[in-house]
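Please read these notes with the model open beside you. They go point by point.

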Amino acid sequence: MKGTAVEGVAVLTGWGQGIQALPADASRAAAGRAVIPLARPALEGERFRRATRECLLGVAAVDALLRENHISREAVKGSATALIYVTAGAYGASNHAWVAADTARPAKPDDRPSERRRGAVSGTLHFPYTAPSVMSGEVAIEFGLTGPYGILIGGAAATIDGLWQATLLLEAGRCERALVLAVETFEDCAELYARARWLVRRPLVEAAACVLLTPGALRTRYDAPRAASPLEARVRARAGETLACAPLVALALAREDGATGPIGVTGEWRGRRAGLYWY
Amino acid sequence: MTPFGADLDAFWSGLVTGSDGISTIERFPVDDLRVGRGGEIKKLRPLPGARRVGCRATQLLFAAAEDLLARSAISAEPERIAVVLGTALGGVEGLERALAPGGRPRDAVDALYDSPAHALARRLGARGPVMTVGAACAAGATALGTGADLLRADVVDVVIAGGYDALCRFVMRGFDALRSLTRERVRPFDKRRSGLLLGEAAALVLMTREGATPGPRLGRLLGHASASDGSHIAAPDANGRGLELAARTALDEAGLTPADVEFVSAHGTGTLVNDRIEADVLRRVLGRRAAEIPVNSIKASVGHTMGAAAALEAVMCLMAGREGIVPKTLGLEEPDPACELDHVIGAPRAVRPRISLSTSLGFGGCNAALVLEAAAQ
């Protein structure tokens with residue numbers, strides 16, 4: 001059986017682009033802010049006019065990965081590239097807007113922007129964006145990805161599951177490369193996250209991260225460790241709570257450390273911890 | 001758990017007798033919508049031992065689990081039991097409650113799409129991987145495939161896999177806005193087809209490695225595959241390229257060819273575009289044999305049950321092999337020449353398909369296919 005390799009990682013967070021933008025201590029850097037938001041990427045094109053911010057963040061993360069690793073779009077286009085998408089709650093913003101629109105009254109000229117926004121999301125074109133699969137669908141359309149996909153809902157443990165699925169696809173020869181993409185947004189549902197403090201820690205840091213896996217020399221082991229890896233703890237300290245993005249940020253940190261050989265990432269969500277080790 | 005009733009027998013009997021599970025939706029307001037009908041489950045029994053069952057989606061899953069446990073014993077260490085579920089909506093109805101005046105914080109947590117899977121894992125005492133596949137209406141198929149991967153890789157010994165979705169105003173409004181819902185009856189592959197109707201259901205299967213569990217089994221999952229269209233967020237690729245790739249890859253993984261396929265459970269939503277594209281794909285994949293392989297769709301019977309659909313259809317394939325009968329496509333009376341296939345029309349067909357192909361599509365350009373083998377009789 002073939003092994004795999006981590007070919008590249010790209011990270012966008014509310015702190016900025018790349019892991020060099022991460023503060024040494026996210027809690028201190030947050031200075032009491034509950035959410036560190038990521039701006040809506042300024043992507044051009046009619047197709048992106050109605051696309052949600054989380055869709056654009058996914059596209060921006062893959063674009064950053066390709067740019068930073070000098071990979072052309074043509075190289076990933078087609079059915080030989082798998083796309084695995086993971087999120088715990090990036091669909092929350094579009095779901096929230098769709099539900100809120102149901103209770104909206106007709107707009108008045110003196111409405112506040114939030115009231116006007118409700119009316120704006122009640123139409124035909126907005127409902128599909130409530131589906132998590134549409135986020136990865138937008139990425140697939142943008143980069144011409146027509147290979148196997150995986151769409152997993154959950155936090156960091158789900159991303160470990162997604163990385164494992166990607167290695168399975170590569171090892172089985174079902175694809176030649178696999179993109180594992182995670183996106184998390186919080187700002188639009190900040191008041192709901194504020195009421196679920198037992199589930200998520202602070203600060204909540206919006207993020208989009210992408211890893212490219214290719215066939216390589218390293219085997220993998222997928223298991224359920226009891227404790228967090230040192231990388232998991234470092235990501236939490238430096239980036240804050242990035243949910244599904246955390247294991248991908250961990251891989252970026254490991255690469256920054258110069259790791260080219262064995263590496264292990266872990267992730268926890270809802271009391272379950274999963275780990276993936278390249279050895 | 002389907003609009004036909006709370007167990008597998010009710011589901012199968014409803015399909016074979018040609019029952020119609022579609023009714024006027026009563027559980028939430030629909031009077032402002034163009035279409036207010038669907039496959040609504042009218043009765044949900046109170047569940048013994050469930051201290052606090054969250055959203056309706058979780059209730060459906062718990063009810064399906066009751067039926068599963070009555071039929072099959074789960075015998076494995078808790079850490080070696082996984083739960084893998086597909087869904088299009090998760091517990092989104094919780095968000096409607098959380099945002100309503102006086103909404104409770106707990107309801108917002110229910111609204112996370114993976115909440116029902118974690119609730120089911122807790123109820124079953126499963127401490128292995130808990131995965132939620134969010135591949136819209138193809139999610140149930142991908143969940144079964146992921147379950148097979150977990151077993152093949154020896155990560156766990158038992159997987160509770162399947163799919164679910166509950167009807168709620170959130171999704172009814174959405175499909176109503178898309179004008180995808182028909183005011184008539186659902187007619188998959190028919191000349192007069194005019195759209196789909198939604199339904200709610202939960203379907204669970206217990207998966208183990210070959211030979212690991214004594215006792216009767218329904219069959220085997222021989223192959224599975226997925227492929228993205230990369231063409232449109234809410235409509236299938238005009239040429240069905242993703243679905244074709246998924247179907248061919250699943251057959252390949254099963255080590256089979258189209259010549260081995262004896263039955264096709266189609267996605268068959270009853271929309272103009274889906275059915276034509278799907279029929280084209282099936283003719284391309286099956287070649288000359290397309291004219292002689294029975295094809296059905298159960299979406300007119302129970303509605304399009306979204307995340308549950310592919311899991312229900314996989315169970316139907318295996319039941320057809322066990323019982324020696326293929327349910328008809330309810331609502332199909334005059335096949336559209338553009339959808340020409342060997343449709344099961346008018347009455348169930350007395351055949352015993354051993355190898356089945358099941359196809360699914362979903363928002364975001366998701367396509368999935370399963371190849372199943374019914375247990376020998």
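1. A:Tyr85 stands opposite A:Ile151 in strand 5 of chain A. Strand 4 (residues 81-87) and strand 5 (residues 149-153) of chain A run parallel and are joined by 5 bridges. Strands here are DSSP runs of E of at least two residues, and helices are runs of H or I of at least four, numbered from the N terminus. Two strands pair if DSSP finds at least two bridges between them.

2. This is a predicted model, in which local features need pLDDT of at least 70 and side-chain atom pairs count only at pLDDT 80 or more, while totals for chains, interfaces and linings use all residues. Residues are numbered from 1 along each chain as its sequence is written, with chains lettered from A and ligands numbered from 1 in the order in which they are written.

3. The open sheet has 10 strands with mixed pairing, in the order 2(A)-1(A)-8(A)-6(A)-4(A)-5(A)-4(B)-3(B)-5(B)-6(B). Strand 2 (16-17) of chain A and strand 6 (201-208) of chain B stand at the edges with a single partner strand each, so one side of each has no neighbour in the sheet.

4. Of the 16 residues, 13 are buried (20 or more other C-beta atoms within 10 Å of the residue's own, C-beta atoms being placed from the backbone).

5. A:Leu181 is in contact (C-beta atoms, placed from the backbone, within 7 Å) with residues including A:Ala61, A:Leu83 and A:Cys210, leaving aside neighbours within four places in sequence.

Notes. A residue is buried if 20 or more other C-beta atoms lie within 10 Å of its own, exposed if 12 or fewer, and partly exposed in between; C-beta atoms are placed from the backbone. Two residues are in contact if their C-beta atoms, placed from the backbone, lie within 7 Å.
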